[in-house]
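I am opening a page for a structure that is new to me, and I want to note carefully what I look up, one place at a time.

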Amino acid sequence: MDADGVEVVVAHSERATLRVGDVFVKVDADRARLEVEVEAMARAPVPTPQVRWHNPPALALAALPGTALGRLSKPSTASPAAWAAAGAAVRTLHDAPLPPWPGRDRDELASGLADECEWLVAHDVLPAEVVTRNRRLAETALRPWTPVFIHGDLQVDHVFVAGDEVTGILDWSEASRGDAHFDLAILTLGHPEHLGDVIAGYGADVDRDLVRAWWSLRCLTNVRWLAEHGYGSPDDFPEVAVLRSQP
C-alpha cells in the first residue's frame, strides 16, 4: 500500500475516518454500529467496499473506484443516466431479503421529530412558521409502510459512479428495515432536479410527496446533530436551506 500521508476524512466525538493510501480506516465508539456495517455489506446485493480487516473498534475498507455521485451542497456533474443507475441500485437493495435487525419505528421517529422541532425554535435556528410547515409535511411520512432493506444514510456522496455505472455504496452503519421512500429521499436531498432520474432507474411506483416529506423529516432531525458535532453554523447548512425552500 502506497501512502503519502494520513488524511482525516471525518473526526468528531463519536467516530473518525482516516484515509491512508487506498484504504479508509474507520474508528467508531459504538462497536455495534461497525458490526451492523460489516453485516449489511455482506448481505447487500449491490457493490460495496472490500473489507480489508475488522478489529473493533476499527474497520479498514478499500477505496472505491470512480467518484461520488454528487455533494449535498453543490450541483452534481453526474449524468442523468448515472442518477438512474443509482436508482436501479437502490431498487436492487430494496428487493433483497430483509436484514434480521429492526429499524426505528414510527413512534420513535415521531418523538425525535417533536424534540428536534422544539430545539430548532428554542435556539432561533429557523422561524417557527418554517419549522411548523415542515413538521406538518414530515409527519405525513410517518404512516404505515411495508419494510424493505434500506441503507439508512444514502447520502449522495455515499454513492460512487464511473461514467454511468454505480461502482459502490459506502457507509452502511445505519442499514436496517425501513421505508423505501426514506432512501430515495436521502439520495436526492438537495438535488430535487434528479428525483425524476432516480425514479426512472428505480422502476417502481414512488410517491413524490412522501419523498418530499422525508426531506423535511431528515433535515429537521439532523440540524442539531450537525451543529453539536462541529459542522459549523446552522445558517450555512444545506439542510436549513432545504427547510426554507419546502412549500
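I began with helix 2, which lies across strand 8 and strand 9 and runs at about 50 degrees to strand 9. Helices (H or I, at least four residues) and strands (E, at least two) are DSSP runs, numbered from the N terminus; contact means heavy atoms within 4.5 Å; and axes are lines fitted to C-alpha atoms, for helices over the stretch in contact, with angles running from 0 to 180 degrees between N-to-C directions.

I noted that this is a predicted model, in which local features need pLDDT of at least 70 and side-chain atom pairs count only at pLDDT 80 or more, while totals for chains, interfaces and linings use all residues. Residues are numbered from 1 along each chain as its sequence is written, and side-chain values use heavy atoms, with hydrogens and water left out.

I then looked up the strand order and found an open sheet of three strands, 6-8-9, with antiparallel pairing, where two strands pair if DSSP finds at least two bridges between them. Strand 6 (67-68) and strand 9 (165-169) stand at the edges with a single partner strand each, so one side of each has no neighbour in the sheet. Strand 6 pairs with strand 8 (residues 159-162) over two bridges in the antiparallel sense, and threonine 67 stands opposite valine 161 of strand 8.

**Helix 6**

Which residues of helix 6 (residues 195-202) are buried? I found Leu195, Val198, Ile199 and Tyr202 to be buried, that is, under 20% relative accessible area, against over 50% for exposed and partly exposed in between (1.4 Å probe, protein chains only). Seen down the axis of helix 6, these buried residues fall within an arc of 100 degrees, so they line one face of the helix; the arc is that of the directions from the helix axis to the C-beta atoms. An α-helix has 3.6 residues a turn, so residues three or four places apart point the same way. The cover over the buried residues of helix 6 includes helix 2 (80-94), helix 5 (180-188) and helix 7 (208-228). Just after helix 6, I saw that glycine 203 takes a positive phi of about 70 degrees.

Last, I looked at strand 1 and strand 2, which run antiparallel, are joined by five bridges and are connected by a hairpin through three residues. Valine 8 stands opposite leucine 18 in strand 2. Strand 1 is hardly covered, for the count of buried residues among its six is zero.
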